[in-house]
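Subject: Structure handover

Hi,

Here is the structure I promised to pass on. My notes follow below it.

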Amino acid sequence: MGTFENLLYGFSVALSVTNVLYCLLGVVLGTIIGALPGLGPSAGLAILLPLTFGSNPTTSIIMLAGIYYGAMYGGAITSILINTPGDSAAVMTTLDGYPMAQQGRAGPAMGMNVFASFIAGTIGILIFMYLAPPLAKVALSFGPPEYFALMVLGLTTLAGLTGESPLKGFISAVVGLIFAIVGVDLVTGLPRFSFGVMELYSGIDFIPVAMGVFGIAEILVTAEREVRIQMAKADLRFRKLLPSLADWMACRWPIIQGTITGFFIGMLPGAGATIASFISYGIAKSTSKEPQRFGRGAIEGIAAPEAANNSAAVGAFVPLLTLGVPGSASTAVLMGALMMFGLRPGPLLFERNPEFVWGLIASMYIGNAILVLVMLLFVPVFVRAVQVPRPILSSVVMVFILAGAYSLNNNMFDVWLTLLFGILGYFMKKLKYPGAPLILALVLGQLLENSLRQSLILSLGDPRIFFTRPISGTIMAIAIGATLYPVIKSVLKVLRSRTA
Amino acid sequence: MKRYRIWAVLLVVILMGAVVAGCGGSQPSAGEETAKEEGKEPAEGEPKSQYPERPIEFVVPFGAGGGSDILARSIAKVIQDHNLIDQPLMVVNKPGGSGSVGYSYLAEKKGDPYYIGTVSSSFYTAPLLGKSPVSYRDFTPVAGLAMDTYGLFVRSDSRFDSLQEILDEVKANPKSISVGGTSGTSDDAVLTFLLEEKAGVDFTYVPFESGGEVMTALLGGHVDISWANPGEALSQIEAGKARVLAVASKERLPSLPDVPTLIEEGVDVSLAQFRGVVMPKDVPEDAVKYMEEALRKMSETEDWKTGYIEKNMITARFLNSEEFGKAIVELSNMYEQVFAELSK
């Protein structure tokens with residue numbers, strides 16, 4: 001059977017009334033989970049997972065997968081409207097989404113989020129369908145040195161996030177790297193910088209940090225200065241809520257770039273949607289003709305990371321379904337679900353359970369289509385949400401942030417951590433230190449350290465391992481090139497002006 | 001006006017924090033009260049059949065979808081399907097600090113038989129490594145249910161066909177063979193260390209974050225050999241992507257009859273993770289007996305044997321409260337010795 005026949009078979013499974021209903025339920029729940037600050041897809045899946053026990057595995061996984069990729073759509077809603085990322089993969093969307101909302105263009109920002117997510121999700125599913133097995137081989141070729149090189153490349157995107165003062169941006173990143181050190185050392189098993197606090201043994205999770213530095217800090221800052229989002233009545237007409245032709249022209253390449261970057265990074269176990277959105281934003285900014293517009297409401301700054309996090313969500317299914325290895329926290333929960341249903345994710349899943357695999361793939365097409373309809377229907381409603389008086393909106397958001405923080409581990413510790421980072425974030429905002437570098441460094445730092453140490457253990461201490469392996473060597477060369485490019489450019493400029 | 005707004009919001013934040021903290025804080029005290037009311041009264045001569053009078057909280061010290069979670073949910077399901085306990089078992093995940101957050105939460109419920117929890121290898125190792133303030137002494141053993149052992153895996157196209165070939169090569173070239181495992185203090189690390197000690201060899205041990213990452217590193221050829229639970233790696237064996245050269249159990253596994261044990265291969269090493277159920281300390285004797293009996297009946301059902309034991313390729317072994325208590329002390333002493341050696 002060819003891929004196309006398989007897909008038709010998949011649709012025959014996915015289009016049953018029950019499955020379509022569960023798909024609808026999943027994507028709507030996912031959108032809500034994504035939009036609620038603090039409650040990300042992995043926590044949401046873990047909470048809803050027990051509900052599916054005892055039901056049909058295909059139906060359950062269609063719903064669970066819907067929650068997962070639905071969350072990627074929902075996460076951007078609060079990023080754009082109230083500068084509070086709904087989940088970690090939507091942190092980058094705040095950078096340009098919120099300025100757009102302040103300029104009265106929340107509608108086009110949300111619309112572009114929906115379309116970029118849809119396009120990337122759909123292309124991602126096509127790539128998955130036709131290329132999953134060969135891509136799985138690519139994912140396997142990534143060992144510790146390759147991950148290290150990728151993390152170094154990720155850190156070079158920092159330069160694009162520093163805002164007005166590069167120095168403050170780098171200070172923020174270094175603080176993030178320091179927080180990444182906290183926790184039990186992977187190699188020796190000894191706790192570091194945990195001060196005897198048990199909850200810190202597993203390290204500082206970036207969700208409380210993101211919620212605090214973005215969400216709570218934003219609430220505190222808006223509380224002291226009255227920020228009303230300017231939005232004229234006429235703007236609420238449906239047509240005005242959608243991206244214009246000019247917006248589309250600006251976003252063509254960022255969407256395609258985000259889709260490919262996102263899928264590739266998403267399928268690497270351990271990297272995931274958050275890192276994909278960071279790197280994609282970095283690429284979009286550095287390849288843009290007008291990089292100075294980024295951070296001030298450039299619609300490409302929404303299109304690229306939103307495309308990336310959606311196709312990364314699909315990409316994460318490559319290692320899960322073809323290798324039986326979860327690529328992220330969310331897919332780890334999905335894998336647990338599969339195993340509880342008695343399905344064994346792995347190389348034989350496609351042969352043994354075709355109705356399951358192809359039903360899931362077909363349901364992703366259906367889910368993405370449902371998401372576009374649901375989201376477009378609700379864009380006007382969401383946009384009106386910013387007209388809710390700020391004190392009410394802020395209190396409601398605060399409740400969700402704190403409840404979400406508790407739900408991470410069913411533990412009060414994360415609530416205190418979120419509040420603590422909220423206070424840190426408040427002062428960072430007041431002193432104009434950007435928050436994104438801190439979070440990027442925290443996310444990358446843990447992987448950076450582990451892959452560095454694993455590589456050096458493997459090479460018995462020889463650092464040449466990063467340059468002699470073809471893939472890691474290439475990525476390192478790109479990273480070094482990207483770092484030195486501005487220097488070379490300015491040197492060339494000076495030389496040219498001298499000769500002239 | 002505007003100046004006050006920040007204070008208003010700060011006040012809301014603080015109040016909210018206080019409310020949430022209040023709710024969180026009141027739980028343990030409520031637990032203590034109920035412990036006094038319901039935990040101790042039956043012991044003072046009330047009819048023994050009273051326990052359990054309300055739902056029992058089943059604490060999993062790890063996240064949803066992991067090995068301990070699957071164990072707890074399988075137990076809860078079989079017990080419910082067969083009506084072995086009159087009250088529902090509510091599975092609650094309390095992850096963090098490699099199990100210590102959940103174990104401390106459970107240990108705090110001293111005397112309250114309405115809390116039970118799962119036990120896996122970090123139950124023994126975390127307190128020894130200074131990672132947990134509570135140890136097995138803070139719990140009442142209820143029952144041991146299953147042994148989950150480890151296998152030594154290579155890629156299917158690996159040049160090695162037996163453990164002996166690996167040992168010969170690494171003896172000739174110390175550190176030339178890399179071994180993948182989860183973290184520097186897991187059972188994988190302990191097994192590697194024991195193998196090095198008993199066979200007099202020196203491997204390069206590479207720690208990873210999770211079993212999934214170890215398997216990817218093995219399949220990608222980044223490490224030469226790796227440890228994994230047989231159930232975890234089953235799909236790779238069936239698909240012909242990986243081979244298992246030896247298992248660390250004392251006897252051959254029924255599911256892998258052709259695979260020799262490490263002992264048969266001439267290295268006197270065996271290790272298995274003992275999965276079981278514990279209660280907090282000082283709970284009434286009859287509650288322990290009740291739960292032990294329910295778990296014994298559960299372990300004899302066909303649903304348990306096929307739905308959990310066979311599916312996860314583990315070895316069923318029921319130990320009652322007393323036997324399980326002994327096994328816990330033995331395992332803990334064994335880990336203590338190994339870690340003392342490791343830190344030298």
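pLDDT is the predictor's confidence in each residue, on a scale from 0 to 100. You need that term first, since this is a predicted model.

**Confidence, chain A**

Chain A averages a pLDDT of 84. In that chain, 95% of the residues reach 70 or more. Among the elements of chain A, helix α18 (residues 412-430) has the highest mean pLDDT, 93. The lowest mean, 78, belongs to helix α14 (residues 329-340) of chain A. Where pLDDT is low, predicted coordinates should not be read in detail.

**A helix pair in chain A**

Helix α7 (residues 144-156) of chain A packs against helix α19 (residues 436-458) of chain A. Their axes are 8 Å apart and the angle is about 145 degrees. The crossing of α7(A) and α19(A) is left-handed. From α7(A), the contact uses P144(A), P145(A), Y147(A), F148(A), M151(A), G154(A) and L155(A). From α19(A) come L444(A), L447(A), L448(A), S451(A), L452(A), Q454(A), S455(A) and L458(A). By class, this contact of α7(A) with α19(A) has 11 nonpolar and 4 polar residues, and no charged ones.

**Where the chains meet**

How many residues does each chain bring to the contact? Chain B gives 56 residues and chain A gives 59. On the chain B side, the elements that supply two or more residues are α1 (2-40), α2 (67-81), β2 (89-93), α3 (100-107), β7 (204-208), α7 (211-219) and α8 (230-238) of chain B. The largest share of that side is from α1(B), with 11 residues. By class, the side of chain B that touches chain A has 21 nonpolar, 22 polar and 13 charged residues.

**Domains of chain B**

Chain B is divided into two parts: domain 1 (2-24 + 54-149 + 272-342) and domain 2 (151-247). The centres of these domains of chain B, taken over C-alpha atoms, are separated by 29 Å. Their contact takes 11 residues from domain 1 of chain B and 10 residues from domain 2 of chain B. On the domain 1 side, β4 (139-149) and α11 (321-342) of chain B give two or more residues. By class, that side has 5 nonpolar, 5 polar and 1 charged residues.

**The six-strand sheet of chain B**

This is an open sheet of 6 strands with mixed pairing, in the order β2-β1-β3-β10-β4-β11 (chain B). At the edges stand β2 and β11 (315-319) of chain B; each has a single partner strand, so one side of each is left without a neighbour in the sheet. The twist averages 20 degrees from one strand to the next. Strands β1 (residues 56-60) and β3 (residues 115-119) of chain B pair in the parallel sense over 3 bridges. There, V59(B) has G117(B) in β3(B) as its bridge partner. Helix α3(B) lies across β1, β3, β4 and β10 (272-280) of chain B, at about 150 degrees to β1(B).

**The five-strand sheet of chain B**

Another open sheet, of 5 strands and again with mixed pairing, has the order β7-β6-β8-β5-β9 (chain B). Its edge strands are β7 and β9 (242-247) of chain B, each pairing on one side only. Neighbouring strands are turned by 30 degrees against each other on average, direction ignored. Strand β5 (residues 151-155) of chain B runs antiparallel to β9(B), joined by 5 bridges. G151(B) stands opposite V247(B) in β9(B). Helix α8(B) lies across β5, β8 (225-228) and β9 of chain B, at about 145 degrees to β9(B).

Best wishes

Note on methods:
Residues numbered from 1 in each chain as written. Chains lettered and ligands numbered in written order. Predicted model: local features only at pLDDT ≥ 70, side-chain atom pairs only at ≥ 80, totals over all residues. Contact = placed C-beta atoms within 7 Å. Helix = DSSP H or I, 4+ residues; strand = E, 2+ residues; numbered from the N terminus. Nonpolar A, V, L, I, M, F, W, Y, C, P; charged D, E, K, R; others polar. Domains from an automatic or database assignment. Pairing = 2+ DSSP bridges. Axes fitted to C-alpha atoms, helices over the stretch in contact; angles between N-to-C directions. Left-handed = near helix turned anticlockwise from the far one by under 90°.
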